[in-house]
Amino acid sequence: MTPGRTATMYVCGITPYDATHLGHAATYLAFDLIYRVWLDSGFDVHYVQNITDIDDPLLERAERDGVDWRDLAARETRLFTEDMAALRVLPPRDYVAATEAIDEVIELIEKMLAAGAAYVVDCDVPGADYPDVYFRADATEQFGYESGYDRETMARLFAERGGDPDRPGKLDPLDALLWRAARPGEPSWPSPFGPGRPGWHVECAAIALSRIGTGLDIQGGGSDLIFPHHEFSAAHAECVTGERRFARHYVHAGMIGWDGEKMSKSRGNLVLVSELRAAGHDPAAIRLGLLAGHYRADRFWSDQLLAEATERLHRWRSATALPAGPDATDVVARLRRYLADDLDTPKALAALDGWCTDALEYGGDDPDAPGAVAAAVDALLGVDLRGPLE
């Protein structure tokens, strides 16, 4: 890409029915690094992120807790944005709730119906008088290219991740819901196909197309979104635009576990960013702990990892607080080079560790070096080294 042009990125956001955990944080930190590298390289950046503020998990949690689903979504969205700000994640240019994009979703579904890429299925739920709308998985010849999964893997993941393969009336078990007809007691919006609400995948396709347009540079999210979410959102867009690829690159962040086990709501072992902050942990240390592993790798969080990150932060702050240090030209160049190489943060952190060790143990005679290192760490890694040393 040529500096000065606009780099575009769409990253799938949260469903706001619970607090921000470290898995969320790790994902958005990865794309924050991309954002920062692009800015450092001279690009304008159009970054869009959605928030799925209408979906089954949100409605189920609201009913369980006896709260209005809109209040739950607003509360958890507010906490998420506070956590992201504390971690110094740069906000997207457009932060769009699904409920703010209903018109765009409806327009996209109408285009899919007109193109024969979608069809209606009668709803057999008592009290539901309008049809559901489904997307044909065979609507694009290239369906499957984003994930590279075979049919058996797709079927398994579709069933595990919100799909409805056994829904009567579907043409193919993999066909994905575009519009859920209004059920008694559920929120709904009017549409030409009857009142209802959007399916999950079409929400992201509609928001990305309306805010950015075609030819995204990056569509991103956690690795659990590879299929079905990113596969279908890409296909939804491609079937109406005629493009072979919704995005030039599909980028996925690895999962975060806790002390050797997968972190999940069902296990009750989520590590929440807000709780770490409330316990007095420096958000910069939390950020460094997550950056210690490569963004694509599934990895584990632990108290030891946080302690090591806290110690690293202290060393970096001590080194950059010195009146002078070793020349910083090479370490700043290496920082840029490692981040340009698929965001290789382990190497980037190791390079900075080396400079800080030299500064603390051997000193240096360049009065500009500590400030240059601190500025590069701030701009590229998002870590503020001006904080307290104790």
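This briefing describes selected backbone, sheet and cavity features of one structure. The model is predicted. Its features include a cis peptide bond between Phe227 and Pro228, an open sheet of four strands and one cavity of 30 Å³ or more, found in a search of the whole structure.

**Backbone geometry**

- The peptide bond that joins Phe227 and Pro228 is cis, with an omega of about 5°.
- Pro228 belongs to helix α7, which covers residues 226-241.
- Arg88 is not a glycine, yet its phi is positive, at about 60°.
- This residue, Arg88, lies in the loop between α3 (69-86) and β3 (94-97).

**The four-stranded sheet**

- Strands of a sheet pair through backbone hydrogen bonds, and the pairing may be parallel or antiparallel.
- In this open sheet the strands follow the order β4-β5-β6-β7, and their pairing is antiparallel.
- The edges are formed by β4 (118-121) and β7 (196-198); each has a single partner strand, so one side of each has no neighbour in the sheet.
- From one strand to the next, the twist averages 25°.
- Strand β6 (residues 176-181) is joined to β7 by three bridges, and these two strands run antiparallel.
- Across this pair, Arg180 stands opposite Arg197 in β7.

- The search of the whole structure gives one cavity of 30 Å³ or more, and the largest cavity holds about 60 Å³ of space.
- The residues that line the largest cavity are Ala26, Leu29, Ala30, Leu33, Leu290, Leu291, Gly293, His294, Tyr295, Arg299 and Thr345.
- Helices α1 (22-40) and α9 (283-291) each supply at least two residues of this lining.
- The greatest contribution to the lining comes from α1, with four residues.
- Sorted by class, the lining of the largest cavity contains seven nonpolar, three polar and one charged residues.

How values were computed:
Residues are numbered from 1 along each chain as its sequence is written. This is a predicted model: local features need pLDDT of at least 70, side-chain atom pairs count only at pLDDT 80 or more; totals for chains, interfaces and linings use all residues. Side-chain values use heavy atoms; hydrogens and water are left out. Two strands pair if DSSP finds at least two bridges between them. Axes are lines fitted to C-alpha atoms, for helices over the stretch in contact, and angles run from 0 to 180 degrees between N-to-C directions. On a 1 Å grid over the protein atoms alone, a cavity is a set of points where a 1.4 Å probe fits but cannot get out, and a pocket is an open set with protein on both sides within 12 Å along at least five of seven lines; lining residues have an atom within 4 Å of a point. Grid points are joined across faces, edges and corners, and a volume is the space filled by probe spheres set on the points. Ala, Val, Leu, Ile, Met, Phe, Trp, Tyr, Cys and Pro count as nonpolar, Asp, Glu, Lys and Arg as charged, and the others, Gly among them, as polar.
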